[in-house]
Amino acid sequence: MRLQLPSTFIMHVTPRQLFFSHLAQTSDFPLALEIDRAEGVFLYGKNGQRYFDLISGIAVSNVGHRHPEVLSAIQQQLDKYLHLMVYGEYVQSPQVLLAEALSDTLRLDARYPSPYGTISNVYFTNSGTEAIEGAMKLAKRFTGRHEFVSCYNAYHGATQGALSLAGAEFFKQNFRPLLPGIRHIRHGAIADLENITQRTAAVIIEVISGEAGVRVPEAGYFAALRQRCTEVGALLILDEIQTGFGRTGTFWAFESTGIYPDLLVSAKGMGGGMPIGAFMASPEIMQVFKEKPILGHITTFGGHPVSCAASLATLRVIRENQLPSRAHALGQRIKARLQHPSIKEIRGQGLMLAAEMESFGVLKSVIDRCIERGVITDWFLFCDNAMRLAPPLIISEAELDEACGIILGVLGE
Ligand code: PMP
């Protein structure tokens with residue numbers, strides 16, 4: 001039987017109502033902005049309202065929305081093939097070209113001592129949390145250990161392995177039991193490194209602690225961390241899901257630390273707006289997935305050819321246009337522009353910034369009024385008094401100044 005709805009019914013149900021009645025809700029206060037289209041640094045609402053996207057869909061749209069080269073790569077791939085086969089069986093050129101291009105960003109420099117050598121093997125996933133899961137499995141399998149160390153106030157994803165790493169009980173407590181053997185350390189505290197021991201399979205850490213409100217450790221921290229991991233035989237896994245693809249002023253944030261990881265995890269900005277993630281390691285580490293058991297990690301859609309084509313175009317746009325150094329310069333510009341007594345501090349690197357205010361109450365009203373005036377910002381999972389500022393790296397100076405002017409205007413009210 002065909003279900004036929006009266007046309008009046010269809011006409012009177014708005015997308016906004018459907019959003020609330022049929023889309024699973026995870027809070028009682030979603031932003032619920034209805035967006036019609038997006039271009040560059042702008043989102044456009046149903047009635048033509050224009051919004052500066054100063055958070056890049058949470059550190060995703062590093063090359064802006066609908067970058068023409070990303071669209072063209074997607075279009076070309078659409079004309080060839082979509083899904084062909086589960087992961088790792090067929091030679092699909094978007095995957096292998098992207099894996100090669102990623103390896104090229106990771107050439108091991110003699111300055112960086114690394115126990116396992118160059119990272120040149122890539123395993124593609126659909127998302128950040130899946131890439132973290134894969135990296136955790138790889139570390140367990142390679143080291144024969146099962147304990148992990150992560151940081152307080154860190155977020156690495158919402159699936160149960162990645163959630164076990166989360167550094168705050170708030171998101172975990174009602175989902176136990178989770179993985180056993182997880183220890184937490186303070187991001188940036190050298191004294192805590194003694195918690196990394198010969199039982200530790202891996203330390204999973206961000207170069208800049210994002211959801212803690214963009215915390216950049218003191219110089220010397222990562223050298224000490226690298227040394228401790230090497231000493232006790234624990235793998236060092238860097239989660240560059242937010243920091244990667246040029247956001248912090250270098251292609252990978254670890255380039256500014258003077259150390260080289262054993263595993264690297266990417267997602268978010270990697271896809272230029274398409275879903276993709278990856279965990280990367282040296283061939284010596286990655287090859288353990290081939291035995292005991294064979295097919296050590298499986299995915300159907302990981303490394304989808306359209307996502308890989310979009311990601312390769314994104315990577316090229318970022319490198320060819322020197323967007324990392326642009327991010328650095330624009331970050332300095334925001335720090336200089338956003339001077340106001342209500343902003344206690346602006347911290348961060350490149351275009352991964354947090355502007356700290358007195359309280360959540362103050363911040364929330366600023367964010368709400370900024371949206372009314374066409375500027376989208378946000379706060380952080382584990383820091384509710386700092387404004388998230390992470391615009392696309394292609395934002396122009398004039399656009400940036402206009403957006404900062406709107407924020408300053410709101411702060412002045
Ligand atoms: N790690 C970090 C540092 C993240 O910021 C996020 C997403 N906010 C994740 C992991 C999880 O990525 P995804 O949402 O793609 O699963």
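A: Start with burial: a residue is buried under 20% relative accessible area, exposed over 50%, and partly exposed in between, using a 1.4 Å probe and protein chains only. This is a predicted model, in which local features need pLDDT of at least 70, side-chain atom pairs count only at pLDDT 80 or more, and totals for chains, interfaces and linings use all residues. Residues are numbered from 1 along each chain as its sequence is written, and side-chain values use heavy atoms, leaving out hydrogens and water.

Q: Is Thr125 buried or exposed?

A: Thr125 has a relative accessible area of 2%, so Thr125 is buried.

Q: How do I read the faces of a helix?

A: An α-helix has 3.6 residues a turn, so residues three or four places apart point the same way. In H13, the residues Leu400, Ala403, Cys404, Ile406, Ile407, Val410 and Leu411 are buried. They are on the same side of H13 because they cover an arc of only 150 degrees around the axis, taken from the directions from the helix axis to the C-beta atoms. Ala398 and Gly412, on the other side of H13, are exposed.

Q: Which side chain has a polar atom 2.8 Å from an oxygen atom of the ligand?

A: That side chain belongs to Gln242. The protein covers 83% of the 390 Å² of accessible area that the ligand has on its own, by the Shrake-Rupley method with a 1.4 Å probe.

Methods
Helix = DSSP H or I, 4+ residues; strand = E, 2+ residues; numbered from the N terminus. Polar contact = N/O pair within 3.5 Å; in protein donor to acceptor, adjacent residues only side chain to side chain.
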